[in-house]
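The following note comments on the structure shown below.

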Number of protein chains: 2
Amino acid sequence: MEKLNELIDHIASRVNVNLKTMNVDVEIFLKEAIPADKLTHYYAFYALTTDHPLYFRFRKSNLGGTYFLGKCEVDRSVLYKSDVRGDELKDKGTVVEFNGISTKLYQDEIIQITNSFLIKTLVHNHSKNPEIPEYFKILNTVAMHYSNIHGTTTEGVYLGPFATIDLSIMHNCVVGDYSYVQAGDLSRRTIDPGHIWIYYEGLFEFDYRYPKGVVEKYVSLDKSGKLSGEFSVFLRERQNDFASIYSAVLPDPPMDVPINAFVSPYAVVKGNCAIGENSLVAQRAYIADSTLGTGANAQENCYILNSKYDGMNVTAHGGKVIHSHLGRKVFTGFNSFLRGSENAKITVGAKSIVMPHTIIDATEPITIPEGSLVWGYITKQDDLATQCIALDEFAKLKELDLGNLTFRGDGDQFVAAFQHRIEHILEENGAYFDGSDKTRGHAQKTQSVSFNLFQPFLAGAEEGMFPTMTIGDSA
Amino acid sequence: MEKLNELIDHIASRVNVNLKTMNVDVEIFLKEAIPADKLTHYYAFYALTTDHPLYFRFRKSNLGGTYFLGKCEVDRSVLYKSDVRGDELKDKGTVVEFNGISTKLYQDEIIQITNSFLIKTLVHNHSKNPEIPEYFKILNTVAMHYSNIHGTTTEGVYLGPFATIDLSIMHNCVVGDYSYVQAGDLSRRTIDPGHIWIYYEGLFEFDYRYPKGVVEKYVSLDKSGKLSGEFSVFLRERQNDFASIYSAVLPDPPMDVPINAFVSPYAVVKGNCAIGENSLVAQRAYIADSTLGTGANAQENCYILNSKYDGMNVTAHGGKVIHSHLGRKVFTGFNSFLRGSENAKITVGAKSIVMPHTIIDATEPITIPEGSLVWGYITKQDDLATQCIALDEFAKLKELDLGNLTFRGDGDQFVAAFQHRIEHILEENGAYFDGSDKTRGHAQKTQSVSFNLFQPFLAGAEEGMFPTMTIGDSA
């Protein structure tokens, strides 16, 4: 395993060089967070479809358990059980606009991951990077368990577990456990744990901080890189359900699926489930005893248990929904945790937006009215008073101080931006598919997907290293 | 499937151009022998070990079900459920001698398969090609079911089912069903079905022809490319036993295996089996209720049922041994078929050589004395009179006409050449491993093998075509 150990030292040095002034040392995490034998244990896989141009180049890396879809180059990195999607990469010739200036892509956009260490990280892409729009770049970055890197450039970044960086450009910064940022260019910043921060200069700023002690209850990473807290207990309890899927070459489709819907063979579907037309269940999603209406989707690392979705629902990456009833077009943001129970069901009215990184851990039945914006930490109905507001009321606001939330700016723009994005997600996922080419989305495009599997060397100096490989053409 | 159909047309045209003067048209075989949906159904796989340098390049081909081990480039070819081994490819710098002239390899030897169509073909390599020793070349060639291409250059060649070309160089020739040739440079020749021909100019010639009607009973290919006969019935009856193995990512080891022995996870091991130290069971071998002594091996497409091997036994590719007892160092040649039964067991005495393409289909118990050379078609003890001779007696011969066999030349050289080769095979397979590096062979080297799986596109114009890929470095 000499080469693998050298690789880990190499990544630690590259990340630490960038984060030295931020007082961060990632070395112990890299060495302790994943036992060495696990790094050699899992194969990686990439998808072949007719709708995504095929190109991958993997060099001097460990890719155990990671899934690839869009064009991607990985160099000197460890990607452990991560999902590198890239299904919205821009094609050559696409004209993009940044700050009023248009520029045309001279080649297809490619995800480039270099000198980085990602653990169970979801890398999605809808890049807003004005620097080099041809490259979706992750450089000298460490992303801990279940973090989300979404449409951004990261250089010299540390992400804590369950942290999400969304449409942001990050240079040399630290993003704390379970924090969420969507705030443009972040350089040499430290984002505190449990800080939910959405900032668009001149437009609005949404700023929520979890009460002291809450994040630690759900997400906690000790100094040796070991993850604990309620989220990891919840995930570990279900982890064995994935074992049989990942040991089959062509896992059986987990259920009968309507035409134009897609359930990944790498998803868990248990118990009594039904899914509607144009719905999408991504790999590593987990559904048990639940109904998903037409056009609903469950993205990577979602868990939907004993719940009912009325349709056109988005559950963003890492969302968990238990004993809940979600009305039509309810949106559940990244890594949100809606835990109802038999005696304490959660009901979310139609068109409501559950903000990313919201925790609703119900100790009694909780009902959220139609058209609400919900955020923060909710355990009982009364908590809604400071953490829920009607969307059309919010749209009229210019400022709000409510509980731990501070909002400044144009409420209307904020709501419109969110709703626009939800529509975009539904369109991209094919929720509105009507047979026309224009309405085809991920659910329809991935119908004829096949998966190729590849493993590391199992002995000698190269043990744990994956072979150098190039698949397809870069052009 | 437009691309796949174009590919098949392309191969047919390239092979037919070469074989036009031989009155052969392969087009119907290419189009009919494998249903189109089977071409898209199977993944291909390649092995990663620490002992074989890793390099593959696959372009514009269908590789369904094929296994790769050594360096290989495949262009515009269909390789269906074939085994392309290449574990004896020569390294850069190796000095080879042909006809007294020495030359040094300027790069590692690479298998190059171009414009060819191989069905369930075993490609092994121990090349004696003086033209370009860096390239093990298969060009414009069609090889039908269970044929063997062993250490040779083939250009514009048609091989019938169960045919073997061994250490020969073939240019524009036709090799009939179940024939075996080891005869140097063959250009514009047609080898009849069931012709077993070993010819070394100036040294010896072994020439056996199956009686009329026998080959057809065991191997028959109709005009539409459909295979029938006893061999294919035998194989089809056991084909389902491979299904579970090929649908697992990491098939469970089929049995407890002694240290320094190797049983491929892609072999079938059923019932009560035991295998000895330093023994080797290759992928696609099939063993049921049998015992293999120390250093015994079962190569690709071997079937060993209800049999006992005393040790140091070689079963060459495609050998089938049923209800038999093989003494120490008995060699069973390519595609030989030894079918005993409960009441008609076959016993082969130690150190005997069962020639390639021998059929012993016992209707009564048959006992072959120690140190025999056996060939031809045997169904009862009396048949040995014309198809079995003591090796030390054969070694004294200068000529022999016995039954359908004609032998001319130096019997001593013939026997010595065979025995030398058997020793070479045992050494290469690691049968003599004693812990020293010098004695390590395939059984020890493949201990830490892992397998990577890859599939074709499943829809659109590229349906059935495998992605272009390059793995490792060619140098």
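1. Does Asp166(A) count as buried or exposed? At 0% relative accessibility, Asp166(A) counts as buried, where buried means under 20% relative accessible area, exposed over 50% and partly exposed in between (1.4 Å probe, protein chains only).

2. On conventions, this is a predicted model, in which local features need pLDDT of at least 70 and side-chain atom pairs count only at pLDDT 80 or more, while totals for chains, interfaces and linings use all residues. Residues are numbered from 1 along each chain as its sequence is written, chains are lettered from A and ligands numbered from 1 in the order in which they are written, and side-chain values use heavy atoms, with hydrogens and water left out.

3. Asp166(A) has a salt-bridge partner in Arg421(A), with an N to O distance of 2.7 Å between the side chains; a salt bridge is a side-chain nitrogen of Lys or Arg within 4 Å of a carboxyl oxygen of Asp or Glu. Asp166(A) belongs to strand 16 (residues 164-166) of chain A and Arg421(A) to helix 9 (residues 411-429) of chain A, so the pair ties together parts that are 255 residues apart in sequence. Helices (H or I, at least four residues) and strands (E, at least two) are DSSP runs numbered from the N terminus. Arg421(A), at 22% relative accessibility, counts as partly exposed.

4. Over all chains, the structure holds 46 salt bridges. In one of them, the side chains of Lys71(A) and Asp108(A) meet at 2.8 Å, N to O. Lys71(A) lies in the loop between strand 3 (67-68) and strand 4 (72-75) of chain A, and Asp108(A) in the loop between strand 8 (101-104) and strand 9 (110-114) of chain A, so this pair ties together parts that are 37 residues apart in sequence. Lys71(A) is buried, with a relative accessible area of 2%, and Asp108(A) is buried with 13%.

5. In chain B, a salt bridge joins the side chains of Arg57(B) and Asp75(B) (3.4 Å, N to O). Arg57(B) is in strand 2 (residues 55-59) of chain B and Asp75(B) in strand 4 (residues 72-75) of chain B, so the parts tied together are 18 residues apart in sequence. Both Arg57(B) and Asp75(B) are buried. In chain A, a network of salt bridges links Arg57(A), Arg59(A), Glu73(A) and Asp75(A).

6. Glu109(B) is found in the loop between strand 8 (101-104) and strand 9 (110-114) of chain B and counts as buried at 1% relative accessibility. With residues up to four places away in sequence not counted, Glu109(B) touches several residues, including Lys71(B), Glu88(B), Lys90(B) and Glu134(B); contact means heavy atoms within 4.5 Å.

7. Chain A is divided into domain 1 (2-228 + 450-472) and domain 2 (252-445), with bounds that come from an automatic or database domain assignment. The centres of domain 1 of chain A and domain 2 of chain A, taken over C-alpha atoms, are separated by 24 Å. Their contact takes 45 residues from domain 1 of chain A and 42 residues from domain 2 of chain A.

8. The area buried between domain 1 of chain A and domain 2 of chain A is about 3,600 Å², of which carbon and sulfur atoms give 56%; buried area is the accessible area (1.4 Å probe) that two parts lose on being put together, summed over both. In domain 1 of chain A, Phe204(A), Phe206(A) and Tyr218(A) lose the most area to domain 2 of chain A, together 18% of what that side buries. The rule finds three salt bridges across this domain interface.

9. Chain B can be laid on chain A with an RMSD of 0.0 Å by a turn of 180° and a shift of 0.0 Å along the axis. The two copies are thus related as by a two-fold rotation axis. Superposition is by least squares on the C-alpha atoms of residues with pLDDT of at least 70 in both.

10. Between the chains, 30 residues of chain B are in contact with 30 residues of chain A, and about 2,400 Å² is buried, 62% of it on carbon and sulfur atoms. In chain B, Val249(B), Gln455(B) and Phe457(B) lose the most area to chain A, together 23% of what that side buries.
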